[in-house]
Amino acid sequence: MTTTDVTAAAPRVPDAADGEGPPRGTPYKWRWMALFVILGAELMDLLDSTITSVAGPRIESALGGSYSQLQWMSAAYTLAFAMLLITGARLGDMFGRRRMFLIGTAAFAATSLLCGLAASPETLIAYRALQGVAAAMMVPQGLGLLRDMFPPGELAAAFGIFGPVMGLGAVAGPIIGGFLVDADLFGTDWRAIFFVNIPIGIAAFAAGLRLLPRDRVDARRTVTLDMAGMVLLSAAMVLVILPLVQGRESGWPSWTFVSMAAALPVFALFVWHERRRRAGGASTLVELSLFRNRAFTSALAVGLLFFSTMVAFMLIVTVYLQAGHGWSASDTAVALIPWSLACTVGAGLSGGLLAPRFGRRVIHAGLVVQVLGVLAVWYTIDHDPAGVSGWGLTPALALTGLGFGLIMAPFFDIAIAGVSFEETGSASGVLNAVQQLGGAVGVAAFGTLFFHYADGGAAASVQDGFTDGITNSLLVMAGVLAITWCAAFMMPKKAREEGGSGH
C-alpha cells in the first residue's frame, strides 16, 4: 500500500476539525466514529434501492399510473446510480472524498424530501433518478475514506463491520418499508419510506462535518474530468442494466438482447479511449492499471458471482413468503431476523479474528457455509411446502447469514489491499459498479427462473408454483456459489502477502 505523505503534514494525529487529514498511513484519531457516519449514509442508499418494492401497491393506489411506471420508480434509481458510480468516484479523487461525500449526503436527503412530496408517478420517477445521481456521488467515497483513515492492520476489522452492514441494508429495505407503510406514521402512508432518510441524512451530514478527515490538497486535484469517457461508460452501463431491469416484465423482447450485445463494442470503445488519453498524458475516468492488479481483478469476478446470488436470494425468499404463503411484510421481517443476527456474528468473527489471520480461507469457508445454508433452505421448503414457518426456516436462514457475514470482511480487504492511493477512487467506483451489476444480473436471471415456475400455470396450485420456483432457483443458486468457491482461488491468499503489495 502506498504510504507517501504528499502533504508534508506534521507527524501527529490531527483532530477532525484540523485543516488536513492525517499523514497517509497514520491511523486517524476519529476513524471508528467516522466509520459509523459512512455506514449511516450508505444505509440510506441501500434501503432506498429496494424499499419501493414493498410499498409499490400503496404508491400505485395513491398516485395512479401504470404497472410499467411503478417498475420505473425503482429502475430509475438503479440506472442513474449504476451509470454514474464510477464518475462519482472520480470526482472524489479530483475534489476530495469528504467533500463529495457531504455533497452527496445533502443531495440525497433533499431528493428524498422531493420523492416524499411527489404528486404524480412521473414526478416520483424523475425524483428517484435524481436520488440515484446523489447516491452515485455519496456511495463510492466510502471505501476510499476507509482506506485513508485505517492502517492496514485494522482494515479487515473495519470491513468486518462495513461489508455486512451494507448487506443488511440491502436485505432490510423491503422489511423496513413494510413496517413503515403498515405503521402509517403521522398519516404519511407510503411517503414515510422517503421521509425517514431526512433525519438520517441530516445527522450523517452534521457528524461528517465534525468527524471525517479533511481532504488533502495535492497534485491529484489538478486533473480534469474525462467527459467523453463518462458518456461512453454511462452508455455501456445503460445498455447492460436497462434490459436486465426491464427484460423479465417485458417478456424478454429482442431489443433486450440487442442492447446487451451492443454494450460490448461500447465498452471496447471506452477502453480504447482511456488508453489513448493515458498515452497522451491526460487524466482518465478509470485507472486502467487497476486491471493489472490480480487481487482487484479476481475480486471483481468473485464479487459479480457472489452478489448476483445473494441479492437474488433475498428477493425470491421474500416474494415466496409473501406471495406464495400470504405472509405480511412484518411476518417476513421477523422470519429474516435469524439471517441478520447470524450475519452480524459471522462479520464479528471474520473481521476481528479470522480474516486478518486466515485471509482467503475465510472466504472459502464462508462460501461452503452459504452453500450448506442455501441447500438447507431448499430442503426445508421441499420437504414440507405447506408447513413452512418462521421457526422451521430459522436454522437454514441463520446458516446462510453466517456465511454471508464471514465473507464480506476478507473480500473487501483483499480487493483493495494492493490498490495504490491514486487508484483508490477508481477502485471504489468499479467495485461498487460491479456489485450493482451483479445484483441486476442476479435479479434478472434468478427472477426469470423463479417466476417461470411461479407464473407458469403448470403447477396444480399457486403455492405449488411458487414452491417449484424457489426450490429450482435455490438449487441453481447453490451451483453458482460452488463456482464462486472455485473462482475465489484466483484471489491472493491474504490481503497483504509477504514481500508484495498484492499486485
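Arg90 and Glu287 form a salt bridge (a side-chain nitrogen of Lys or Arg within 4 Å of a carboxyl oxygen of Asp or Glu), with their closest N and O atoms 3.4 Å apart. Arg90 lies in helix H3 (residues 67–95) and Glu287 in the loop between helix H11 (254–279) and helix H12 (294–324), so the pair ties together parts that are 197 residues apart in sequence. Helices are DSSP runs of H or I with at least four residues, strands are runs of E with at least two, and both are numbered from the N terminus. The model is predicted: local features need pLDDT of at least 70 and side-chain atom pairs count only at pLDDT 80 or more, while totals for chains, interfaces and linings use all residues. Residues are numbered from 1 along each chain as its sequence is written, and side-chain values use heavy atoms, with hydrogens and water left out.

**Salt bridges**

- The structure holds 6 salt bridges.
- Arg90 counts as buried, at 1% relative accessibility, and Glu287 is buried with a relative accessible area of 7%. Buried means under 20% relative accessible area, exposed means over 50%, and partly exposed lies in between (1.4 Å probe, protein chains only).
- Arg97 forms a salt bridge with Asp93, in which the closest N and O atoms are 3.0 Å apart. Both Arg97 and Asp93 are buried.
- Arg97 also meets Asp148 in a salt bridge, at 2.9 Å from N to O. Because Asp148 lies in helix H6 (residues 141–149) and Arg97 in helix H4 (residues 97–117), this pair ties together parts that are 51 residues apart in sequence.
- The relative accessible area is 15% for Asp148, which is buried, and 6% for Arg97, which is buried as well.
- Through shared partners, salt bridges join Arg90, Asp93, Arg97, Asp148, Arg278 and Glu287 into one network.
- Side chains of opposite charge can pair when their charged atoms come close.

**Helices H4 and H6**

- The axes of H4 and H6 come within 10 Å and cross at roughly 145°. Axes are lines fitted to C-alpha atoms, for helices over the stretch in contact, and angles run from 0 to 180 degrees between N-to-C directions.
- The crossing of H4 and H6 is left-handed, a term for a near helix turned anticlockwise from the far one by less than a right angle, whereas clockwise is right-handed.
- H4 contributes Arg97, Arg98, Met100 and Phe101 to the contact, and H6 contributes Gln141, Gly144, Leu145 and Asp148. Contact means heavy atoms within 4.5 Å.
- These contact residues of H4 and H6 divide into 3 nonpolar, 2 polar and 3 charged. In this grouping, Ala, Val, Leu, Ile, Met, Phe, Trp, Tyr, Cys and Pro count as nonpolar, Asp, Glu, Lys and Arg as charged, and the others, Gly among them, as polar.
- H6 is mostly covered, with 9 of its 9 residues buried. Among them are Arg147 and Met149.

**Helix H5**

- Ala136 is found in helix H5 (residues 121–138) and is buried, with a relative accessible area of 0%.
- Beyond its neighbours within four places in sequence, Ala136 is in contact with Ala80, Phe81, Leu84, Leu85 and Gly88.
- Ala136 and Ala433 are 297 residues apart in sequence, and their C-alpha atoms are 9.7 Å apart in space.
- Tyr127 is also placed in helix H5 and counts as partly exposed, at 25% relative accessibility.

**Cysteines and backbone**

- A search of the whole structure finds 0 disulfides (pairs of cysteine sulfur atoms within 2.5 Å).
- Cys115 is buried, with a relative accessible area of 0%, whereas Cys486 counts as partly exposed at 47%.
- Trp252 has a positive phi of about 50° although it is not a glycine. Most residues other than glycine have a negative phi.
- Trp252 is found in the loop between helix H10 (227–250) and H11 and is partly exposed, with a relative accessible area of 23%.

**Whole chain**

- The chain has 18 helices and 0 strands.
- Of its 503 residues, 55% count as buried.
- Residues 24 or more positions apart account for 82% of the contacts in the chain with a separation of 6 or more.
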